[in-house]
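Please read it with the structure open.

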Amino acid sequence: MNESKLNNKRTVLVGLAFLSICSFWQMYDSVVPLILRETFGMDESLTGVIMAADNILALFLLPLFGGLSDRTDTRLGRRTPYIMAGTAGAVILMNLLPVLDNSYSRQAAPFKLAAFVIVLGLLLISMGTYRSPAVALMPDITAKPLRSKANAIINLMGAVGGILYLGVAAVLYPTSRVADLAHVNYQPLFLVVSAVMAVAVIVLLLTIREPELAARNRELEKRHPEWNLAEDDGSGSETLPKPVRRSLMFLLASIALWYIGYNGVTTWFTTYISQIMGEGLGGASTCLLVATAGAIVSYIPIGVAASKVGRRKTIMAGVILLASCFIAGYFLTTLFSSINPVMFVAFALVGLAWAAINVNSLPMVVEMCRGSDVGKFTGYYYTASMTAQVITPVLAGSLMKKISYQVLFPYAAFFVLLSFVTMCFVRHGDSRAEAKSGLAAFEYMDD
């Protein structure tokens, strides 16, 4: 056993929850805007409002259930009950959406639209109940100095979930197959994604003993108080020193800004490509598939690099690369009439850039808290990212409607570059120095 290394197998299994989540959201962001526009005839602004609804709910649900899971105590652990219940509800509800979509396309009726919106709302609530607990599970069972490497694996698993969706979408719905259809039936796609979600979470539940692993990690943290930036005020509440709190605020602002840029592209890219280049879901999915593949091959090297040069520097390099790719995306989509190999290179670099940012941002946030508050600080992270994702579908959609669809990539690049400015003021959250006794402290963590 190499005591300086993360237990990769266990981290991969924990990442199955994130695989489930990312598979769903990749499909949701790609398909739901198409359904709203093509079946229900909504314009860009109204579609943007509905696409922002999940993020509005998440502003309340993710901190709420993150904090609730911190205080939950069951024989299954703190996070597992939420993962089980949320996934079960989502799998059932999501398969009702294409049924209502297909029914409305055959015979439009107001009650069918109302039913679609109600089911969509219930589905978003179901997803919101377990996202923070699922993400908090990794820090619960991983020592602080190893969390960037662990989060690289978690994000890799999320990318696998996304690529499973994108691969299926590209095969089932190529442009040649759907171009002349009056209505596209997305039921097979929803069935496949729900099956992926269910299988992933079942395997997680059968292989991870959350209470035992979390207890071991808590004992390790008690033996190494130097890892904690937060101070215990004696009441059990989290007290951050003023410089640390300032860094946290700037970090959360950075997270919001780069999500405004990035999510603006992911939300509208399918529609953008359709309007600007005449490509369908298959063409857009292929580009996103390349971006996801770029992220997949980057996650592990990025985690290793961050452990050597620091999380902050790695994030800032990723921010510059992401903004550059978005600027290139503007020219590649406006100067060419079809998707070409150069676009694939640009999207592969988007994946690399997003990996550099995403692998390190959550560990920087939870680095500033005690183990008992991981769920709450995970909620802070998602409050920042979801606030951005509330704003950007509506803002980007409105700008595209009022100005031009061509505004999408410059818009994204602008906000990503702003996040570089705010990251310059972040001074805490990098990997803490190992214990004086060295990495031998992690020996039992690799059991």
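1. The model is predicted.

2. The largest cavity has a volume of about 810 Å³. Its lining is made up of 40 residues. To find the centre of the largest cavity, look for Cys22, Gln26, Tyr262, Trp354 and Asn358, which lie nearest to it.

3. Several helices share in the lining of this largest cavity. Those that give two or more residues are α2 (16-38), α3 (44-70), α7 (131-141), α8 (147-172), α12 (242-277), α13 (281-309), α15 (341-366) and α16 (374-402). The largest share comes from α8, with seven residues.

4. By residue type, the lining of the largest cavity holds 24 nonpolar residues, 13 polar ones and three charged ones.

5. The second largest cavity contains about 90 Å³ of space. Two or more residues of its lining come from each of α3 and α6 (110-128). Helix α3 provides the largest share, five residues.

6. Which residues line the second largest cavity? They are Trp25, Asp54, Asn55, Ala58, Leu61, Leu62, Leu124, Met127, Gly128, Arg131 and Met386. This lining divides into seven nonpolar, two polar and two charged residues.

Terms used: Residues are numbered from 1 along each chain as its sequence is written. This is a predicted model: local features need pLDDT of at least 70, side-chain atom pairs count only at pLDDT 80 or more; totals for chains, interfaces and linings use all residues. Side-chain values use heavy atoms; hydrogens and water are left out. On a 1 Å grid over the protein atoms alone, a cavity is a set of points where a 1.4 Å probe fits but cannot get out, and a pocket is an open set with protein on both sides within 12 Å along at least five of seven lines; lining residues have an atom within 4 Å of a point. Grid points are joined across faces, edges and corners, and a volume is the space filled by probe spheres set on the points. Helices (H or I, at least four residues) and strands (E, at least two) are DSSP runs, numbered from the N terminus. Ala, Val, Leu, Ile, Met, Phe, Trp, Tyr, Cys and Pro count as nonpolar, Asp, Glu, Lys and Arg as charged, and the others, Gly among them, as polar.
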